[in-house]
Amino acid sequence: MDVKQYAGKDYDVIVVGAGHAGCEAALAAARMGNETLLVTINLEMVAFMPCNPSIGGPAKGIVVRELDALGGEMGRNIDKTYVQMRMLNTGKGPAVRALRAQADKRAYSIEMKHTLEKEPNLTLRQGIVDDLIVEDGVVKGVITNTGARYGAKSVVLTTGTAARGKIIIGELMYSSGPNNTQPSMKLSGNLEKLGFELKRFKTGTPPRVDGNTIEYNATEEQPGDKEPNHFSFETSDDDYLDAKDQLSCWLTYTNEKTHELIRANLDRAPMFSGVIEGVGPRYCPSIEDKIVRFADKPRHQLFIEPEGRNTDEFYVQGLSTSMPEEIQQQMVHSIKGLEHAEMMRPGYAIEYDIVSPYQLRPTLETKLVSGLYTAGQTNGTSGYEEAAGQGMLAGINAGRHALGKEEVVLKRSDAYIGVMVDDLVTKGTNEPYRLLTSRAEYRLILRHDNADMRLTELGHEIGLISDERYTKFEAKKAAIEAEKKRLESYRIKPNDQVNEFLAEKGAAPLKDGVLASDFLRRPEVTYAKLTRFIPEATEKIDNRVIEQVEIQIKYEGYIKKANQKVEKLKKMEAKKIPDRIDYSAIEGIATEARQKFEKIRPETLAQASRISGVNPADISILAIYIEQGKIAKI
Amino acid sequence: MAASTITEYDTIAAISTPPGEGAISIVRLSGDEALQIAKNVFSGKDLTKVKSHTINYGHIINPRTKQEIDEVMVSVMKAPKTFTREDVVEINCHGGIVATNEILQLLLSNGARLAEPGEFTKRAFLHGRIDLSQAEAVMDLIRAKTDKSMKVALNQLDGNLSHLIRNLRQDILDVLAQVEVNIDYPEYDDVEEMTTKLLKEKAQDTKKRIKQLLQTAKQGKVLREGLATAIIGKPNVGKSSLLNHLLHEDKAIVTDVAGTTRDVIEEYVNVRGVPLKLVDTAGIRETSDKVEKIGVERSKKAIEQADLVMLVLNQSEPLTAEDQQLIKLTENKKRIVLLNKVDLPSKIDFTQLTEKIGKDELLSVSVLKNEGIDKLEEKIAKLFFGGIENSQTTIMVTNARHIGLLNQAKDSLDAVLSGIEANMPVDLIQIDMTNCWDLLGEITGDSYQDELLTQLFSQFCLGK
């Protein structure tokens with residue numbers, strides 16, 4: 001019997017799904033002043049982490065900082081709930097340093113849920129969205145499985161792995177969302193009816209084990225950092241957890257025995273028996289995949305990570321698998337330190353639907369339905385941070401759409417979020433997309449330390465950064481400039497103290513006086529060391545200010561070069577392509593380029609030039625055609 | 001990475017006068033960096049500081065070698081009152097295809113990009129400078145020339161060259177992938193940390209290989225412009241006959257009316273595919289009474305200009321002091337010593353001769369009887385092509401765009417090395433390494449960032 005529909009309330013913005021994308025989207029929309037509804041299948045699963053209990057790392061950690069600078073929640077939330085903090089790549093340059101936290105999964109979820117509950121314009125509701133209300137290509141609302149019809153000016157879909165999700169463990173296969181929750185079975189079909197092209201992707205998780213049954217002595221301890229660091233620019237270093245209060249991770253390895261077990265049972269591995277149709281990511285392969293593809297590697301690293309503070313469950317990172325439960329148990333027991341470990345949950349693979357991202361605009365609005373946005377795994381990405389970053393952008397644009405304001409696009413030179421969204425909508429993806437620092441051509445500019453410098457202004461303009469925080473930010477900026485100016489005007493004289501220091505470092509002594517800023521450029525000099533040779537600043541300088549001064553001076557040459565490239569790019573980004581352009585009317589464009597233009601419908605010349613298979617001559621002809629159109633109109 | 005596809009705002013350069021031996025040729029530059037690039041290769045006033053719409057006298061100098069290339073007048077026109085509405089610089093040089101090409105080459109090596117067909121006009125249009133009908137003409141031009149120029153480009157890209165460049169890129173890619181793995185997977189223990197020491201070795205090795213390639217550009221130049229060849233010897237030794245003989249080999253070029261048009265066309269002969277540009281043909285033809293006076297001095301000059309020297313000796317006479325002097329003067333040159341007049345009895349002292357001349361340099365001929373000329377031609381061809389083979393590769397870089405890109409690639413390797421010198425972190429040094437990889441990719445036409453990711457994931461077992 002059909003469920004009888006009833007008229008629910010009208011909202012400005014409705015967000016479907018309360019994972020990492022949905023939470024950011026709903027909070028952004030609500031905080032901008034929109035009456036917002038967040039519908040999710042299971043309220044116990046808000047901001048749930050079905051995979052690793054960690055946030056951050058290379059590229060991803062930078063996204064969290066970017067979110068924070070825009071007024072997002074992920075940074076603050078992890079700062080409140082981490083159990084371990086580590087700065088990675090400390091031996092390398094400033095562009096690639098990366099912060100990573102181990103999270104208390106439950107605490108993270110509860111904290112985020114509470115934040116959502118406290119938000120005045122935001123309503124949190126359990127339910128499954130089965131269909132969209134669309135009139136003349138414009139979204140009007142959603143219909144839930146319980147029959148409610150909610151109206152909305154914009155809708156954001158963040159369905160994650162729930163979209164026709166299917167869990168696979170060996171020969172066992174069943175419809176399910178993440179972690180055995182209810183899947184969303186109807187929405188996908190209705191999206192297809194609207195004309196959307198969907199694809200099947202696959203991801204997976206490893207088994208979890210009981211911490212009381214682990215031999216920790218047989219593994220290597222990986223403790224957290226003593227030096228304080230946080231994701232949010234608002235969190236004070238005073239709030240940093242003492243190293244002794246942080247939880248450790250534990251490193252162990254697979255071995256030949258593990259590999260043999262897997263090889264002997266490959267016929268039961270869904271990855272190889274043809275059961276799994278979805279495309280899995282190259283960078284997050286299952287252990288069976290690793291052993292087949294890298295047959296000569298004698299061992300693979302495994303990190304045993306705590307799932308939280310009030311639990312003894314541990315996550316075996318590196319052992320992602322969809323082998324039958326029986327084999328998984330044997331695999332776990334073959335590993336040093338886990339010989340007697342009790343498996344609490346088996347690993348599983350999960351297949352789900354995605355919306356091919358070429359169907360999106362750089363605002364994350366769908367090209368087919370006005371006012372409809374998609375974000376997160378729905379768009380073919382993988383990872384909490386990637387999801388949150390898109391959720392933020394989709395939420396901002398959905399919110400602004402509802403308010404009748406101009407949309408926001410992040411450029412590749414603005415943020416990793418911009419790199420990711422541009423990659424998705426311009427190049428599409430054939431596997432779950434993960435951010436890597438190597439995807440960014442301007443990574444020296446897209447650092448984690450300067451995310452606030454890059455994006456706070458925008459966050460404030462949108463209305464997600466408070467005036468108070470903005471004033472603080474401006475003060476920080478002024479302090480950086482003042483200190484740089486001071487170093488550029490003070491001359492260090494070649495005295496014994498300086499030359500003794502240089503001799504100690506094996507560097508040549510000073511002969512003439514040198515500007516403090518030039519002295520700082522020497523590889524052996526740090527800001528801390530420099531302060532010995534210059535007068536004390538009149539006011540105490542914050543560590544975050546020092547960090548900026550040091551990086552900006554030391555790497556000035558490289559930063560300048562990168563900025564020149566960015567300036568060039570910006571000119572091309574400014575060349576808009578009219579949305580009603582008829583590519584079939586442009587003579588002389590190569591067929592391949594024409595087809596791609598029609599499919600992707602780039603919005604700027606810069607985006608057009610990034611489409612693979614498009615050559616510079618096609619771009620030239622397109623540029624002239626557009627310019628011609630302008631003349632013709634006059 | 002995608003950065004290399006941003007071409008719309010490059011500074012572009014091209015020769016804007018018709019090819020040939022006009023009195024004056026113009027090399028034009030347009031774009032934001034036009035003034036800066038011109039300044040870098042110009043000795044005279046600082047072109048970035050001169051007033052707009054001025055003409056400035058000076059010389060074009062190769063900033064790397066400090067070698068002077070030509071005496072020029074440079075017009076500086078600043079945006080927006082220019083043809084393209086960008087900064088425009090026009091270098092008026094003395095013409096001659098060689099100097100003009102060299103100037104263009106220099107601009108390309110210093111950051112300009114070779115303009116596409118119709119690109120100056122295209123820019124003028126995009127900046128609102130010309131009207132619709134002109135714009136349509138430009139589109140037609142681009143359309144028509146795209147296919148053609150792509151074909152030409154493909155032809156220019158010799159299979160061996162692209163193979164070699166791809167190898168170079170693959171080597172760089174291996175390095176980059178390793179750097180990237182260290183960054184994106186800092187805890188991955190299976191890969192050696194890419195240290196600056198390793199990076200330095202790679203950069204030096206790559207630079208060496210690029211330099212070798214650039215050296216072949218010189219040989220390529222010889223192919224285009226001819227191998228400068230001097231025929232020397234004392235009077236009456238048979239130089240003139242030899243010249244005639246060689247000229248007669250190429251009936252297409254030669255005219256029977258010697259002395260009238262000789263300076264224009266008679267200089268060039270084609271010997272078995274080797275273009276010889278004969279130096280000082282007039283000197284060879286001069287009557288003997290004058291030669292005594294200028295003799296050796298004149299030969300000296302000819303030898304200096306020559307890549308190849310043919311020294312003619314008369315084997316029917318003993319060596320004279322003048323012969324000895326000429327042997328000495330040509331010692332360090334690529335030379336062929338011809339023992340002419342083998343049809344007459346030999347009076348020359350062979351022991352004395354072979355002390356100073358390598359055996360493979362010697363060749364006995366009789367120009368009069370047409371004996372040994374075949375062998376001479378063979379020797380010339382072998383000297384030329386054989387020399388190239390000996391330098392380990394038959395690959396030759398001849399295309400101005402390629403040479404420009406290779407020079408820039410070399411520069412970015414220098415930046416890598418100076419970054420290492422300054423103790424910069426690996427991930428910053430890697431920026432210049434990536435730049436080098438991109439530039440080489442522009443030669444072969446592959447510049448996709450996906451290559452790096454593919455390399456990353458096929459080379460290393462990464463992930464959770």
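User: What share of the contacts in chain B with a separation of 6 or more comes from residues 24 or more positions apart?

Analyst: A contact means heavy atoms within 4.5 Å. In chain B of this predicted model, residues 24 or more positions apart account for 69% of the contacts with a separation of 6 or more. Residues are numbered from 1 along each chain as its sequence is written, and chains are lettered from A in the order in which they are written. Local features need pLDDT of at least 70, side-chain atom pairs count only at pLDDT 80 or more, and totals for chains, interfaces and linings use all residues; side-chain values use heavy atoms, with hydrogens and water left out.

User: Is A:His20 buried or exposed?

Analyst: Buried means under 20% relative accessible area, exposed over 50%, and partly exposed in between, with a 1.4 Å probe and protein chains only. A:His20 has 10% relative accessibility, so it counts as buried. Leaving out residues up to four places away in sequence, A:His20 touches A:Phe48, A:Tyr108 and A:Tyr384, among others.

User: Which residues does UniProt list for "binding site"?

Analyst: UniProt positions are given in the numbering used here, feature names are shortened, and annotations may be inferred rather than shown by experiment. The unreviewed UniProt entry lists A:Gly17, A:Ala18, A:Gly19, A:His20, A:Ala21, A:Gly22, A:Val129, A:Ser184 and A:Gln377. Of this set, A:Ala18 is buried at a relative accessible area of 2%. Contacts of A:Ala18 beyond four places in sequence include A:Cys23, A:Leu38 and A:Met45.
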